[in-house]
Amino acid sequence: MLKILMFIFLIQIVYVTAYTLRTILTLKGQKYVASAISIVEVVIYVMGLNLVLKYLDQPLSLTVYAIGYGLGILLGSWIEEKIALGYITVKVISDVPNQRLAEVLRDKGYGVTSWLGQGRDGDRIVMEILAKRKNQDSLYKTILSVDPKAFVIMVEPREFHGGFWTKAIKR
């Protein structure tokens, strides 16, 4: 019975990891990769469910199935974080009214659009930066190393049109 429980556990982790990755890829517009993953996912799902249903009289098999599900979500999320697909848009508002931060970011290869804004307490530099998600931590650390009090917002854009980045993204 231990071998069967281990198999249920492993098959569930693999299935839910694939499910999690497929869902994330679908949300990021990677429909063809998501579709390919779903083919494998459904085969694994049916095998795992069939096995659990055969041993439904064993409560431990259902418990192992549920634990594998939870760990599969964690593993799938972890994998997606590591491959860091897609892009982020970062808005930075700095109360230091100079172009130093924008220049530092441009020197590091980031595309930065900046403009002067008005805050409650005076002038602000507002910057919009598009970067690959895998560079998110490095970008964030660079911003804070130049302006530790900067206001930073990061979001994931879904579509792009125009600008010099569009050509690089579509390659």
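**Helix packing and selected residues**

Mentor: Helix H4 crosses helix H5 in a right-handed manner. Please keep in mind that this model is predicted.

Trainee: At what angle do H4 and H5 pack, and how far apart are their axes?

Mentor: H4, residues 100–107, packs against H5 at an angle of about 145°. Their axes are 10 Å apart.

Trainee: Which residues meet there, H4 to H5?

Mentor: From H4 these are Arg100, Leu101, Val104 and Leu105. They meet Leu139, Thr142, Ile143 and Val146 in H5. Sorted by class, the contact of H4 with H5 has six nonpolar, one polar and one charged residues.

Trainee: Let us take Thr142. Is Thr142 buried or exposed?

Mentor: Thr142 counts as buried, because its relative accessibility is 9% and the cut-off for buried is under 20%. Thr142 is found in H5, which covers residues 136–146.

Trainee: Leaving aside neighbours within four places in sequence, what is Thr142 in contact with?

Mentor: With those neighbours left aside, Thr142 is in contact with Leu101, Val104, Leu105 and Lys108.

Trainee: Now to another pair. How do H1 and H2 pack?

Mentor: H1 spans residues 2–27 and H2 spans residues 31–54. They pack at an angle of about 155°, with their axes 8 Å apart. H1 is therefore roughly antiparallel to H2, since angles over 145 degrees count that way. The crossing of H1 past H2 is left-handed.

Trainee: Which residues make that contact between H1 and H2?

Mentor: On the H1 side they include Ile4, Phe7, Ile11 and Arg22. On the H2 side they include Val33, Ile37, Glu41 and Leu51. By class, the contact of H1 with H2 has 17 nonpolar, three polar and two charged residues.

Trainee: What about Leu27, buried or exposed?

Mentor: Leu27 lies in H1. Leu27 counts as exposed because its relative accessibility is 59%, and the cut-off for exposed is over 50%.

Trainee: How far apart are Leu27 and Val42?

Mentor: They are 15 residues apart in sequence and 19 Å apart in space, C-alpha to C-alpha.

Trainee: One last topic. Which residues does UniProt list for "transmembrane region"?

Mentor: The unreviewed UniProt entry lists residues 6–25, 32–53 and 59–79 under that name. In the model, residues 32–53 are 100% helix and 0% strand, with the end C-alpha atoms 32 Å apart. Residues 59–79 are 100% helix and 0% strand, and their end C-alpha atoms are 30 Å apart.

Technical notes: Residues are numbered from 1 along each chain as its sequence is written. This is a predicted model: local features need pLDDT of at least 70, side-chain atom pairs count only at pLDDT 80 or more; totals for chains, interfaces and linings use all residues. Side-chain values use heavy atoms; hydrogens and water are left out. Axes are lines fitted to C-alpha atoms, for helices over the stretch in contact, and angles run from 0 to 180 degrees between N-to-C directions. Helices (H or I, at least four residues) and strands (E, at least two) are DSSP runs, numbered from the N terminus. Angles under 35 degrees count as roughly parallel, over 145 as roughly antiparallel, 65 to 115 as roughly perpendicular and the rest as oblique. A crossing is left-handed if the near helix is turned anticlockwise from the far one by less than a right angle, and right-handed if clockwise. Contact means heavy atoms within 4.5 Å. Ala, Val, Leu, Ile, Met, Phe, Trp, Tyr, Cys and Pro count as nonpolar, Asp, Glu, Lys and Arg as charged, and the others, Gly among them, as polar. UniProt positions are given in the numbering used here, feature names are shortened, and annotations may be inferred rather than shown by experiment. Buried means under 20% relative accessible area, exposed over 50%, partly exposed in between (1.4 Å probe, protein chains only).
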